[in-house]
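Visitor: I would like to learn how to read a model like this one. Please show it to me first.

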Amino acid sequence: MRSMTLALFALFFSTSSLAHDYTLNSLSIDHPWARATAPGAPVGGGFMSISNTGDQADRLLGGSVDFASEVQIHESSMAGGMMRMQHLPDGLVVPEGGKVVLRPGSYHLMFVGLQRRLVEGERETVTLMFERAGEIEVEISVAGPGERGPHQEGDAMEMDHGDMSHE
Ligand SMILES: [Cu+2]
């Protein structure tokens, strides 16, 4: 009984500590998070969902961080049984009245040229840049290396950034 209570508490605590959201004009950025990285890993992935309640589309262009040399927008997809990762240099459209989800196996922020590890349980600051709405600073929660996040559709497309080559 006691262990059950502790387990429930742990579940509640870990969920609530991850839940946070930000608003910028008609954009809402929900639950930004990243995965902890292994020592020496060259890249890390960042995830969140972005909703747009306005009547004009916006576009996530990229961002900046103090722990990596570059923030790129990537899309992972399966091609011929292989997970591929593609840089989206034009960014990611957030449609009017719609939502995009950045999650493992799909769209994500790629922190390229990591200058320090992302450590589970810590928070890091990311400045996101949107074409219309401008810049917003958000805090990302760093989850464990196997964390899949709150958006679990398409989890079969799980991937590990540490082993992924970037061309
Ligand atoms: Cu990537």
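Guide: Start with burial: buried means under 20% relative accessible area, exposed over 50%, partly exposed in between (1.4 Å probe, protein chains only). N25 has 62% relative accessibility, so N25 counts as exposed. This is a predicted model: local features need pLDDT of at least 70, side-chain atom pairs count only at pLDDT 80 or more, and totals for chains, interfaces and linings use all residues. Residues are numbered from 1 along each chain as its sequence is written, and side-chain values use heavy atoms, with hydrogens and water left out.

Visitor: What is the phi of N25?

Guide: Most residues other than glycine have a negative phi. N25 is not a glycine, yet its phi is positive, about 50°. H31 also has a positive phi, near 55°. H31 is buried, because its relative accessible area is 10%.

Visitor: Which residues are the protein donors of the copper ion?

Guide: Donors are N, O and S atoms within 2.8 Å of the metal (3.2 Å for Na, K and Ca); water is not among the atoms, so sites may look incomplete. Here they are H74 (ND1), M85 (SD), H108 (NE2) and M110 (SD), 2.1 to 2.3 Å from the copper ion. H74 is buried at 1% relative accessibility, and M85 is buried at 17%.

Visitor: Why is the arrangement of the four donor atoms tetrahedral?

Guide: Four donors count as tetrahedral if all angles lie between 85 and 135 degrees. Around the copper ion the angles are 89 to 126°, so the arrangement is tetrahedral.

Key: Four donors count as tetrahedral if all angles lie between 85 and 135 degrees; four count as square planar and six as octahedral if opposite donors are over 155 degrees apart and all others between 65 and 115; anything else is irregular.
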